[in-house]
Amino acid sequence: MSHCNVPALIEPQVEMGSVDEAENKTLFKLEEDAKQTKEASLMEQGSLSPIFPQHITKSPKNSVLKSIKIVILSNKLNLLLPFGPLAILVHYMIDSKGWVFLLSLIGITPLAERLGYATEQLAFYTGPTVGGLLNATFGNVTELIISIFALKNGMIRVVQLTLLGSILSNMLLVLGCAFFCGGLVFHQKDQVFDKGLAVVNSGLLLMAVMGILFPAVLHYTHSEVHAGSSELALSRFSSCIMLIAYAAYLFFQLKSQSSSYSPLEQETNQNEEASDEDEDPEISKWESIIWLSILTAWVSLLSGYLVDAIEGASVSWNIPIAFISVILLPIVGNAAEHAGAIMFAMKDKLDLSLGVAIGSSIQISMFAVPFCVVIGWMMGEQMDLNFQLFETAMLFITVIVVAFFLQEGTSNYFKGLMLILCYLIVAASFFVHEDPQQG
């Protein structure tokens with residue numbers, strides 16, 4: 001009897017098991033279908049992309065007053081904005097070059113920071129790669145405008161020293177502060193960044209040093225074929241080559257290497273869903289463009305007064321023009337980069353910090369410097385790449401030091417502190433350095 005009952009007992013169990021399996025499969029299929037339907041609808045709405053699978057960009061609709069409140073009244077640094085109009089008043093009423101320079105310098109500081117803010121807002125609509133390029137471009141617009149005004153006034157050394165100072169400031173002070181602050185927040189570990197990208201960037205900076213070094217070596221070895229003209233001709237030729245190299249670098253980043261940003265951004269979005277939800281733009285795309293135009297125009301106006309007062313300020317304060325150009329002007333011009341790089345490092349996004357600091361140095365050395373040589377050529381000014389021996393040596397050593405710090409692909413607060421201390425040595429050197437062309 002027991003043998004006869006075994007099949008009868010087993011058979012219902014098998015049937016029950018198959019029913020459970022069938023139900024599970026059906027439920028799983030329904031869940032998959034629902035998930036696919038949701039993803040399809042999101043794709044149709046344009047809110048899901050292969051690069052940003054969880055990021056939804058909502059374009060806000062602000063009134064004019066609300067837009068002014070967001071851009072102008074939301075930041076405490078904007079309390080310095082009235083110093084700009086005050087500088088213009090002092091220029092026409094007292095004509096004290098020292099005060100005009102100081103007030104213009106203070107007035108430009110919040111404008112440089114707001115340019116960075118407006119660029120970040122625009123970057124929400126353009127994606128990370130184009131956004132990074134925009135950030136570097138508008139972050140350097142202050143130095144470019146100051147340089148063009150100085151070039152127009154025939155102040156070639158001020159142009160050279162301002163651009164050189166901006167490169168040194170970005171590589172040592174901005175990157176150093178980012179490493180230092182990020183290292184303090186994450187002191188229990190070494191922060192990591194893309195080693196391959198850092199090596200490429202170091203190579204580009206060394207190419208820029210090559211372009212600036214050779215005209216200086218040609219001049220100081222007295223080996224020119226045509227004295228006075230060969231150095232200028234080499235500078236103009238090298239500038240055109242550097243501009244071509246920079247265009248190739250942009251193409252490489254935006255086209256050839258655009259896919260390399262996908263895994264990084266995807267991982268960032270997956271790990272930080274909560275923070276990404278809060279990172280929506282505060283102003284619309286057109287508001288960002290309009291504010292960028294207004295701020296750039298205002299920076300241009302103040303830069304004219306600033307450049308006009310540099311020599312007078314140097315005399316009244318008894319400070320070398322080299323120190324004013326290399327140290328004071330770039331600190332103001334790099335306000336946006338400084339804040340952005342530190343903020344990204346404290347969020348453990350060191351690749352973005354490097355993009356801001358080193359990307360900005362590359363743009364100045366490979367684009368702004370040769371661009372000013374070409375613009376000077378068009379204006380009839382003999383702007384060249386001979387930055388003099390002292391300044392060229394300073395740049396060469398700085399690029400080598402930074403390249404060594406970047407080669408491991410890791411950072412900590414000690415590395416940041418070393419870069420900041422290197423910058424203090426640079427600043428002290430320019431304070432006691434008398435420029436031979438102005439001394």
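## A loop residue with positive phi

D348 is partly exposed, with a relative accessible area of 28%. In this predicted model, D348 sits in the loop that runs between α14 (335-346) and α15. Its phi is near 65°, a positive value in a residue other than glycine. Most residues other than glycine have a negative phi.

Q388 is another residue of this kind: its phi is near 75°, again positive and again not in a glycine. Q388 belongs to the loop between α15 and α16.

## Overall make-up

The protein contains 17 helices and two strands. Of its 439 residues, 48% are buried. The accessible surface comes to about 21,900 Å², and carbon and sulfur atoms account for 67% of that surface.

Contacts between residues at least 6 apart in sequence were also counted across the protein; 85% of them join residues at least 24 apart.

## Helix α17

Helix α17 covers residues 413-431, which makes 19 residues. From its first C-alpha to its last, α17 reaches 27 Å, close to the 27 Å expected at 1.5 Å a residue. The buried residues of α17 are K415, G416, L419, I420, Y423, V426, A427 and F430. Viewed down the helix axis, these buried residues fall within an arc of 135°, so they line one face of α17. An α-helix has 3.6 residues a turn, so residues three or four places apart point the same way. On the other side of α17, L424 and I425 are exposed.

The cover over the buried residues of α17 includes α7 (156-185), α13 (321-333), α16 (389-406) and β2 (410-411).

## Y423 within α17

Y423 is part of helix α17. Its relative accessible area is 4%, below the 20% limit for a buried residue, so Y423 counts as buried. Leaving aside residues up to four places away in sequence, Y423 touches L168, S169, L172, L173, V326, I327 and I331.

The C-alpha atoms of Y423 and M171 are separated by 9.0 Å, although these two residues are 252 residues apart along the chain.

## Aromatic pairs

A search of the whole structure finds eight aromatic pairs. One of them joins Y92 and Y305 in an edge-to-face arrangement, with 6.2 Å centre to centre and 75° between the planes. Y92 lies in helix α3 (residues 83-93) and Y305 in helix α12 (residues 285-317), so the pair ties together parts that are 213 residues apart in sequence. Y92 counts as exposed, at 60% relative accessibility, whereas Y305 is buried, with a relative accessible area of 15%.

F367 and F371 form an aromatic pair that is stacked, at 5.3 Å centre to centre with 20° between the planes. Both residues lie in helix α15 (residues 350-379), four residues apart, about one turn of the helix. F367 is partly exposed at 26% relative accessibility, and F371 is partly exposed at 25%. Together with Y246 and Y249, F367 and F371 make up one aromatic cluster.

## Helix α6

Helix α6 (residues 141-152) has twelve residues, and its first and last C-alpha atoms are 16 Å apart, close to the 16 Å expected at 1.5 Å a residue. Nine of the twelve residues are buried, so α6 is largely enclosed by the rest of the structure. The nine are V141, T142, E143, L144, I145, I146, S147, A150 and L151.

Just after α6, G154 takes a positive phi of about 75°.

## S235 in helix α9

S235 is found in helix α9, which spans residues 230-256. At 0% relative accessibility, S235 counts as buried. Its contacts, apart from residues up to four places away in sequence, are P215, V373, D384, L385 and N386.

Key: Residues are numbered from 1 along each chain as its sequence is written. This is a predicted model: local features need pLDDT of at least 70, side-chain atom pairs count only at pLDDT 80 or more; totals for chains, interfaces and linings use all residues. Side-chain values use heavy atoms; hydrogens and water are left out. The expected span of a helix is 1.5 Å times one less than its number of residues. Buried means under 20% relative accessible area, exposed over 50%, partly exposed in between (1.4 Å probe, protein chains only). The arc is that of the directions from the helix axis to the C-beta atoms. Contact means heavy atoms within 4.5 Å. Accessible areas come from the Shrake-Rupley method with a 1.4 Å probe; for residues, only the protein chains shown count as cover. Rings of Phe, Tyr and Trp (its six-membered ring) pair if their centres lie within 6.5 Å; planes under 30 degrees apart count as stacked, over 60 as edge-to-face and the rest as tilted.
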